[in-house]
Amino acid sequence: MGDAITGVLARLPRPVAAVLGGGGVLGAAHVGVGHALERRGFVPDLIVGTSVGALTGAIAAAHPAAAAARLDEVWRHLRRREVFPLGYLSSRASLFSDRGLRRLIAEAELPARIEQLAVPFTAVAMDLASGAEVRLDAGDLESALLASSAIPGVLPPVVRDKRTLVDGGLIAYVPVRAACAAGAASALVLSTGPASWPLPPATPRQRAGAIASRAAVLQVHHQIECDLRDVAARIPTVVLPTGVDRWPAPWDFGHSHRLISTATVAAERFLDQLQVDGPGLYRADPESSAYVETGTP
C-alpha cells in the first residue's frame, strides 16, 4: 500500500470515510471492493460499519496496509457453524451464543480499545430501549463489535454503558449518517445485498414467505435510499458496486469466493469510469458494464 492514490480517489475531499453496511455473509463482497480500492493505493481516513460491516471495518482499521488480503483469507475459510454454533444457547435471549463471533474477533488480532486502531473507527448499534442509533467510537472494541452484530433473537444483546444494544442494521443498514457525523467530507459506501441497489418493481408469488421477504427488502431499501440521499445532499457519496445479481442467504457461507471475485471486477470497472464533481450520489447504472457476475455459485 505504499503506492500513491490513483484516479478520482485522489481528488475526493478529505477526510474520506469508508462506510460498510450489514448483511451477514453478503459482507464478503466488501472484501472484493477492498481489493479494488487497495490496488489504487487508497486507505480511508475513517471507517464506519454496521453489523458484519463493523467487523470487516475493524479489521481494515487495524491492518490498513493489508486489509483486503487478510479479510480474503478469513472469508474464504469461514463456515456457518463458526459464526452460529448450534448447541450453545447462552440464554433465552437468543438462539445462538456469541462464542463464534468472540473467537473470530480474537483471531483477528485487534487491539482492546477502539482508540488503538490505526484508522479512526465507529461501529453502529441500536439501543433496544429507545430505538436510537448508537455510535461506538471509543472504549472496548470487542463489545462494540458484538453489539453492532447482535441480530435480535439470533445473537445475544450487549449491555454497554447501561444500554442494551442490538444489531445496527435495524436503524442504519448503511451507516452514512454516522460517517457524516464523524466528520467525513466524502464517503465511499461498501453496501451489500439486494436491498442496496435500485429495485425494479416486482410482485412476489402469493406465498407467505415470498410476500414477507419482499416487504422486508423494500423496508431496508427505503431506509438506505433515504439515508444516502440525505448525506449526498451535503457531501460526495460514492456507492461502489458489487456486480452480484445472485445473492445467497445471509447465513450461507459457501458463496464467499464468488462474492469476492465478482465484487473485485465490478468495483474496478466502476472506479476506472468514475467522475466526481461536488456533493451528490454517485453509483453505477444497474445495466452498465460495471455489473458483471463472475465465478460459480
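Predicted model: local features only at pLDDT ≥ 70, side-chain atom pairs only at ≥ 80, totals over all residues.

Colleague: Which residues of α2 and of α3 make the contact?

Modeller: Two packed helices are described by the angle between their axes and the distance between the axes. From α3, the contact is made by Ala67, Arg70, Leu71 and Trp75. From α2, the residues are Val52, Thr56, Ile59 and Ala60.

Colleague: At roughly what angle do the axes of α2 and helix α3 cross?

Modeller: Helix α3 covers residues 67–77, and its axis comes within 9 Å of the axis of α2. The angle at which the two axes cross is roughly 135 degrees.

Colleague: What does that make α2 in relation to α3?

Modeller: Angles over 145 degrees count as roughly antiparallel, and those from 65 to 115 as roughly perpendicular. The axes here cross at roughly 135 degrees. Therefore α2 is described, relative to α3, as oblique.

Colleague: Why is helix α2 largely enclosed by the rest of the structure?

Modeller: Buried means under 20% relative accessible area. The buried residues of α2 include Gly53, Leu55 and Ala62. Helix α2 spans residues 52–62, and it is largely enclosed because the buried count is 11 of the 11 residues.

Colleague: Is threonine 50 buried or exposed?

Modeller: Threonine 50 belongs to strand β2, which runs over residues 46–50. Setting aside neighbours within four places in sequence, threonine 50 has contacts that include Leu20, Val124, Asp167 and Tyr173. Its relative accessible area is 0%, so threonine 50 is buried.

Colleague: How far apart in space are proline 279 and proline 236, C-alpha to C-alpha?

Modeller: Proline 279 sits in the loop between α9 and β9. Apart from neighbours within four places in sequence, proline 279 is in contact with Ala232, Ala233, Arg234, Ile235 and Pro236. Although proline 279 and proline 236 are 43 residues apart in sequence, their C-alpha to C-alpha distance is 4.0 Å.

Colleague: Among contacts in the protein chain between residues at least 6 apart in sequence, what percentage join residues at least 24 apart?

Modeller: The protein chain contains nine helices and nine strands. Of its 297 residues, 53% are buried. For contacts between residues at least 6 apart in sequence, the share joining residues at least 24 apart is 76%.

Methods: Residues numbered from 1 in each chain as written. Heavy atoms only, no water. Buried < 20%, exposed > 50% of the residue type's maximum accessible area, 1.4 Å probe, protein only. Helix = DSSP H or I, 4+ residues; strand = E, 2+ residues; numbered from the N terminus. Contact = heavy atoms within 4.5 Å. Axes fitted to C-alpha atoms, helices over the stretch in contact; angles between N-to-C directions. Parallel < 35°, antiparallel > 145°, perpendicular 65-115°, else oblique.
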